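Me: I have a structure open and would like to go through it step by step. Could we begin with the chain as a whole and then turn to details?

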Amino acid sequence: MRKIILLTYIQRDSVRSRHHDLWRKCRYLGTGKLTKMQYTWRYSTTLENAVALRLLGLCFLEEDADSESR
């Protein structure tokens, strides 16, 4: 099972530079949208990887961001 995650500029760079093993499991899907006044990028990753990144505070899950914007 794969999940869609959203990364801000700072989150993306943090994951890329500090968590290489987690970063390798992410597949770029395209640019996201403006969320919480920050631009995001969309990535697909495994459920386990998405949970790990979320617990580290390094991503938003797409459905969480959608519900906050309503």
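Me: What share of the residues of the protein chain counts as buried?
Reply: The protein chain has 70 residues, and 37% of them count as buried. Please keep in mind that this is a predicted model.

Me: And how much accessible surface is there?
Reply: The accessible surface of the protein chain amounts to about 4600 Å². Carbon and sulfur atoms account for 55% of that surface.

Me: How many helices and strands are there, and what pattern do they follow?
Reply: The protein chain contains four helices and four strands. Along the sequence they follow the pattern β-α-α-β-β-α-β-α.

Me: Let us take S1. Is it enclosed or open?
Reply: Strand S1 spans residues 2-8. Five of its seven residues are buried, so S1 is largely enclosed by the rest of the structure.

Me: Which strands does S1 pair with?
Reply: S1 pairs with S3 in the antiparallel sense, over seven bridges. S1 also runs antiparallel to S4, and two bridges join these strands. As an example from S3, Thr45 is the bridge partner of Lys3.

Me: What stands opposite Leu6 in S4?
Reply: Phe60 in S4 stands opposite Leu6, and Leu6 itself is found in strand S1. Leu6 is buried, with a relative accessible area of 2%.

Me: How far is Leu6 from Thr40?
Reply: Their C-alpha atoms are separated by 5.8 Å, although Leu6 and Thr40 are 34 residues apart along the chain.

Me: On to H1. Which of its residues are buried?
Reply: Helix H1 covers residues 9-18, and its buried residues are Gln11, Arg12, Ser14 and Val15. These residues cover an arc of only 165° around the axis, which puts them on the same side of H1.

Me: What covers them?
Reply: The cover includes strand S1, helix H2 (20-23), strand S3 (38-46), helix H3 (47-55) and strand S4 (60-61).

Me: Why does Gln11 count as buried?
Reply: Gln11 has a relative accessibility of 10%. Buried means under 20% relative accessible area, so Gln11 falls into that class.

Me: What does Gln11 touch, beyond its neighbours in sequence?
Reply: Leaving aside neighbours within four places in sequence, Gln11 is in contact with Leu6, Gly57, Leu58, Cys59 and Phe60.

Me: Changing topic: how many salt bridges does the structure hold?
Reply: The structure holds three salt bridges. In general, side chains of opposite charge can pair when their charged atoms come close.

Me: Which residues does Asp13 pair with?
Reply: Asp13 forms a salt bridge with Arg12, with the closest N and O atoms 3.7 Å apart. Asp13 also meets Arg16 in a salt bridge, at 3.0 Å from N to O.

Me: Where do Asp13 and Arg16 lie?
Reply: Both are in helix H1, three residues apart, which is about one turn of the helix. An α-helix has 3.6 residues a turn, so residues three or four places apart point the same way.

Me: Are these residues buried or exposed?
Reply: Arg12 counts as buried, at 14% relative accessibility. Asp13 is partly exposed at 26%, and Arg16 is partly exposed at 35%.

Me: What about the bridge of Glu62?
Reply: The side chains of Glu62 and Arg42 meet in a salt bridge of 2.8 Å, N to O. This pair links distant parts of the chain, with Glu62 in helix H4 (residues 62-68) and Arg42 in strand S3, 20 residues apart. Arg42 is partly exposed, with a relative accessible area of 26%.

Me: Last topic: which residues form the nonpolar patch on the surface?
Reply: The patch is formed by Met1, Leu47, Val51 and Leu55, which together have about 460 Å² of accessible area. Met1 lies in the segment before S1 and is exposed, with a relative accessible area of 76%.

Key. Residues are numbered from 1 along each chain as its sequence is written. This is a predicted model: local features need pLDDT of at least 70, side-chain atom pairs count only at pLDDT 80 or more; totals for chains, interfaces and linings use all residues. Side-chain values use heavy atoms; hydrogens and water are left out. Buried means under 20% relative accessible area, exposed over 50%, partly exposed in between (1.4 Å probe, protein chains only). The arc is that of the directions from the helix axis to the C-beta atoms. Contact means heavy atoms within 4.5 Å. Two strands pair if DSSP finds at least two bridges between them. Patches are made of residues with over 30% relative accessible area and no salt bridge: like charges are joined within 9 Å, nonpolar side chains (Val, Leu, Ile, Met, Phe, Trp, Tyr) within 5 Å. Accessible areas come from the Shrake-Rupley method with a 1.4 Å probe; for residues, only the protein chains shown count as cover. A salt bridge is a side-chain nitrogen of Lys or Arg within 4 Å of a carboxyl oxygen of Asp or Glu.
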